[in-house]
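Reader: Hi! Could you walk me through this one? I'm new to reading structures.
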Amino acid sequence: MSGNTDRADSGGTAARAVRGWGIGQGESQAARLRRRFPTYRSLQQRTSWRVPRFAYDFVAGGVGDGAPNVAHNRAAMDAVQIVPRYGVDVSRVETGVTLFGRDYAMPVGVAPMGNTGLVWPRADAILAAAAQKARIPYVSSTVANFSIEELARIAPDVFWFQLYGLPDDNHRLSFDLIARAERAGAHALLLTVDVPVRQKRVHDIANGLSVPFRLRPRTLLDIATSPRWAIEVLRHGQPRFANFRKYLGEDASTADLAAFAYSKMTSGLTWEVMARIRDAWPRALILKGPLHPEDAERAIALGFDGLLVTNHGGRQLDAAPASIDALPAIVAQARGRATVLLDGSVRSGLDVARALALGAAGTLAGRAFLWSVGALGEAGGDHATASFREEIATVFAQIGARSVEEARRATVLHPNAMAIGPAPATAPPRLEPVAAD
Ligand SMILES: Cc1cc2nc3c(=O)[nH]c(=O)nc-3n(C[C@H](O)[C@H](O)[C@H](O)COP(=O)(O)O)c2cc1C
């Protein structure tokens, strides 16, 4: 494996991408990991036996029995076909992209995920460091286990912040979190609107999931069969909602912070509140959750810069359309007036290419990154970014695309595209020009 593939560059040759699979090379540790854990599934499986059941289900699960919306996202993604073009010189493939005026090395970033420390202690910090190294967006959650300030220090060049509404006292805390994100240098703010109420997640209820852990016999058994995880948790302590320490005091217990989060965080992100946030936030503002073109239009009219098409990874409304199926209708509605991103079952470079071919300017992934950390601990962040880098370069070459811009013009078959809103344009709007490095 060439050491070059670990560099945070945005270009690469198809040959170099193939070397990444460890074929015929003296192996580095990174290459060995890529050979042993080449897929999302292999990382998910390893996590499933390394971490307690309640932590695994918290990530894998959706809402109702069998997590139907998670499965729906996957089936919809698999149904998207790209018609490859050949005869193109793909000896050099660029994966770089400019989003909201900043250059990133790949059109995939880390989606905001709360309480990732349940899966592996320090997961937020591991992923932030990997994103900074790979120069891809890192989105920190309101309910992360590291604070805005800590994560911004780890990932200063790629740091974005996601907000859930805290409506008490006319959104005093929402605006304080926004001010903290601005001071910390966040390049973009995402407003999550697809959690209007807390949903009933049946697996979490069945597992008795709570923060801090309630030590029932079954939880204890779960923990006892995950010794490596238990040692890490003993070393680092139980995960806490770090952003709220400022409001409860540095010594606030895990239980106090959790009680605070559950009582204060009840969304309340109405269009009126979002208009106030638009006035207060000077940088890129992204709506996380529009699935209906009319919501996209409303956000554009309010001055949002970006739209992240998502159904929260199948974790909110089991009847929601798959995000990839909603994507073309939102792209068509936006008509280039806002940058459209996608998340939901982005597991590999191929899924990134599918989203680009359907008009997205970039993607985020949640579980693909978190399984990697659950499976490999500290090495998991770099492993995930390296896998995406290799896979994106490989699939671009396979479909005859030498850049993100060309991948967005690929011919695509999409049998389940959502049929509301304006007809999709024949070609997606151009991206911002990529500034020369
Ligand atoms: C464990 C977990 C925690 C999440 N926490 C948040 C959160 O705090 N805020 C948010 O806006 N979205 C949250 N999400 C949703 C992700 O941002 C993203 O929309 C989703 O994970 C994408 O789907 P994927 O996991 O299939 O890539 C969470 C997702 C997971 C898996």
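This is a predicted model: local features need pLDDT of at least 70, side-chain atom pairs count only at pLDDT 80 or more; totals for chains, interfaces and linings use all residues.

Reader: What is Leu 307 in contact with, apart from its neighbours in sequence?
Author: Leaving aside residues within four places in sequence, its contacts include Ile 286, Leu 287 and Pro 290. Ala 296, Ala 299, Ile 330, Ala 334, Ala 338 and Val 340 are also in contact with Leu 307.

Reader: And which way does Leu 307 point from its strand?
Author: Leu 307 is in strand E11, residues 306-309, and points the other way from Gly 306 and Leu 308. Val 309 goes with Leu 307, and all four are buried. In a regular strand the side chains alternate between the two faces of the sheet.

Reader: Nice. Which strands pair with E11?
Author: Strand E10, residues 284-288, is joined to E11 by three bridges, and the two run parallel. Within that pairing, Leu 287 has Leu 307 as its bridge partner, and Lys 288 stands opposite Leu 308. Strand E12, residues 339-342, pairs with E11 over four bridges, also in the parallel sense. There, Leu 341 is the bridge partner of Leu 308.

Reader: What makes up the β-α-β units here?
Author: One is built from E10, helix H15 (residues 293-302) and E11, and it is right-handed. E11, helix H16 (residues 323-334) and E12 make a right-handed unit as well.

Reader: Back to E10. Why is it called largely enclosed?
Author: Because four of its five residues are buried, E10 is largely enclosed by the rest of the structure. E10 also has a parallel partner in strand E9, residues 188-192, with five bridges joining them. In that pair, Leu 190 stands opposite Ile 286.

Reader: Changing topic: which residues come nearest to the ligand?
Author: There are 22 residues around the ligand, and Ala 111, Gly 114, Ser 141, Gly 313 and Gly 366 come nearest.

Reader: How does that shell split by class?
Author: Ten residues are polar, eight are nonpolar and four are charged.

Reader: Which residues have a positive phi without being glycine?
Author: Phe 100 is one of them, with phi at about 55°. His 312 is another, with phi near 65°.

Reader: Where do those two sit?
Author: Phe 100 is in the loop between strand E4 (97-99) and strand E5 (102-104). His 312 lies in the loop between E11 and H16.

Reader: Last one: where is Ile 82, and is it buried or exposed?
Author: Ile 82 is in strand E2, residues 81-83. With 22 other C-beta atoms within 10 Å, Ile 82 is buried. Leaving aside neighbours within four places in sequence, Ile 82 is in contact with Ala 353, Arg 354, Ala 357, Ile 399, Ala 410 and Val 412.

Reader: How far apart are Ile 82 and Pro 239?
Author: They are 157 residues apart in sequence and 41 Å apart in space, C-alpha to C-alpha.

Definitions and conventions: Residues are numbered from 1 along each chain as its sequence is written. A residue is near a molecule or strand if its C-beta atom, placed from the backbone, lies within 6 Å of it. Ala, Val, Leu, Ile, Met, Phe, Trp, Tyr, Cys and Pro count as nonpolar, Asp, Glu, Lys and Arg as charged, and the others, Gly among them, as polar. Two residues are in contact if their C-beta atoms, placed from the backbone, lie within 7 Å. A residue is buried if 20 or more other C-beta atoms lie within 10 Å of its own, exposed if 12 or fewer, and partly exposed in between; C-beta atoms are placed from the backbone. Two strands pair if DSSP finds at least two bridges between them. A crossover is right-handed if, with the strands pointing away from the viewer, the path from the first strand over the helix to the second runs clockwise.
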